[in-house]
Amino acid sequence: MKLLFDCDGTLIDSMGLWLKSMKDLIEKSGHSLETMSASDRIQIESLSYEDCVKYIWEHFVTGMSEEEVTAYFDSILEDGYKNSIPAKEGALETIKALHDKGYEMAVASSNSSTLVKAALKRLGIHDCFKEFFTPDLTNLKKTK
């Protein structure tokens with residue numbers, strides 16, 4: 001049997017970092033995440049990492065280029081994934097137990113493979129997964 005796992009919000013508790021980094025950047029431009037429409041929130045949640053950054057830049061950020069916005073997110077997220085984002089409760093034990101039982105496992109994420117792999121390596125479960133499916137590796141977006 002093969003098992004497929006989402007990463008953000010399932011294996012790792014990264015949503016707080018994403019929300020804080022978006023909130024900080026949007027507020028720097030005089031907007032508020034709290035007043036963001038439900039359709040904007042749904043739109044952002046369905047996008048790949050690159051498309052999410054672009055959407056935020058196009059709709060909420062002023063005074064920064066797209067490259068500056070990308071660099072902002074890259075630095076915050078890279079630090080978090082490499083150094084501090086915790087595993088979701090019970091995720092490490094579950095993944096290790098399934099791996100020990102011989103299950104073949106993979107990760108699918110709308111995030112970048114670099115960030116996903118960095119977090120899973122730090123948490124000691126990267127080698128439990130045989131394959132990784134991310135937009136930068138598959139050229140497919142989350143909706144596909």
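The questions and answers below concern a predicted model of a protein chain.

Student: In this predicted model, what is the mean pLDDT of the protein chain, and in which helix is confidence lowest?
Tutor: Over the protein chain the mean pLDDT is 88, and 95% of the residues reach 70 or more. Confidence is highest in helix α5 (residues 91–100), at 98. At the other end of the range, with a mean of 72, stands helix α2 (residues 38–45).

Student: In what order do the elements of the protein chain run from the N terminus on?
Tutor: The protein chain holds seven helices and three strands. Read from the N terminus on, these elements follow the order β-α-α-α-α-α-β-α-β-α.

Student: What is the radius of gyration of the protein chain, and what does the globule rule give for 144 residues?
Tutor: The C-alpha atoms fill a box of roughly 50 × 30 × 25 Å along the principal axes. For 144 residues the globule rule gives 15 Å, and the radius of gyration is close to that value, so the chain is as compact as a globular protein of that length. The radius of gyration itself is 16 Å.

Student: What share of the contacts with a separation of 6 or more is accounted for by residues 24 or more positions apart?
Tutor: Buried residues make up 40% of the 144 residues in the protein chain. Among contacts with a separation of 6 or more, the share that belongs to residues 24 or more positions apart is 71%.

Student: Is leucine 98 buried or exposed, and which residues is it in contact with?
Tutor: Leucine 98 lies in helix α5, and its relative accessibility is 18%; because buried means under 20%, leucine 98 counts as buried. Leucine 3 is 95 residues away in sequence, yet its C-alpha lies 9.2 Å from that of leucine 98. Leaving aside neighbours within four places in sequence, the contacts of leucine 98 are Leu3, Phe5, Tyr103 and Met105.

Student: Where is serine 14 placed, and which residues does it touch?
Tutor: Serine 14 belongs to the loop between β1 (2–6) and α1 (15–28). Its relative accessibility is 0%, so serine 14 counts as buried. Not counting residues up to four places away in sequence, serine 14 touches Asp8, Gly9, Tyr81 and Ile85.

Student: Which residues of helix α6 are buried, and what covers them?
Tutor: In helix α6 (residues 113–122), the buried residues are Ser113, Leu115, Val116, Ala118, Ala119 and Leu120. What covers them includes α4 (66–83), β2 (104–108), β3 (129–133) and α7 (135–138).

Student: Which residue other than glycine has a phi near 60°, and is that residue buried or exposed?
Tutor: Just after α6, glycine 124 takes a positive phi of about 80°. The residue other than glycine is asparagine 139, with a positive phi near 60°, and its place is in the segment after α7. Its relative accessibility is 73%, so asparagine 139 counts as exposed.

Student: How many Å apart in space are lysine 54 and glutamate 67?
Tutor: Lysine 54 sits in helix α3 (residues 49–59), where it is partly exposed, with a relative accessible area of 35%. Lysine 54 and glutamate 67 are separated by 13 residues in sequence, and their distance in space, C-alpha to C-alpha, is 9.4 Å.

Student: How many Å apart are the mean positions of the positive and negative charges?
Tutor: The accessible surface of the protein chain comes to about 8,200 Å², and carbon and sulfur atoms hold 52% of it. The chain has 17 positive and 24 negative charges, and the distance between their mean positions is 4 Å.

Technical notes:
Residues numbered from 1 in each chain as written. Predicted model: local features only at pLDDT ≥ 70, side-chain atom pairs only at ≥ 80, totals over all residues. Heavy atoms only, no water. Helix = DSSP H or I, 4+ residues; strand = E, 2+ residues; numbered from the N terminus. Rg over C-alpha atoms; globule rule 2.2 N^0.38 Å. Buried < 20%, exposed > 50% of the residue type's maximum accessible area, 1.4 Å probe, protein only. Contact = heavy atoms within 4.5 Å. Areas by Shrake-Rupley, 256 points an atom, 1.4 Å probe, with all protein chains shown as cover. Lys, Arg positive; Asp, Glu negative; His and termini not counted. Charge placed at Lys NZ, Arg CZ, Asp CG, Glu CD. pLDDT = per-residue confidence, 0-100.
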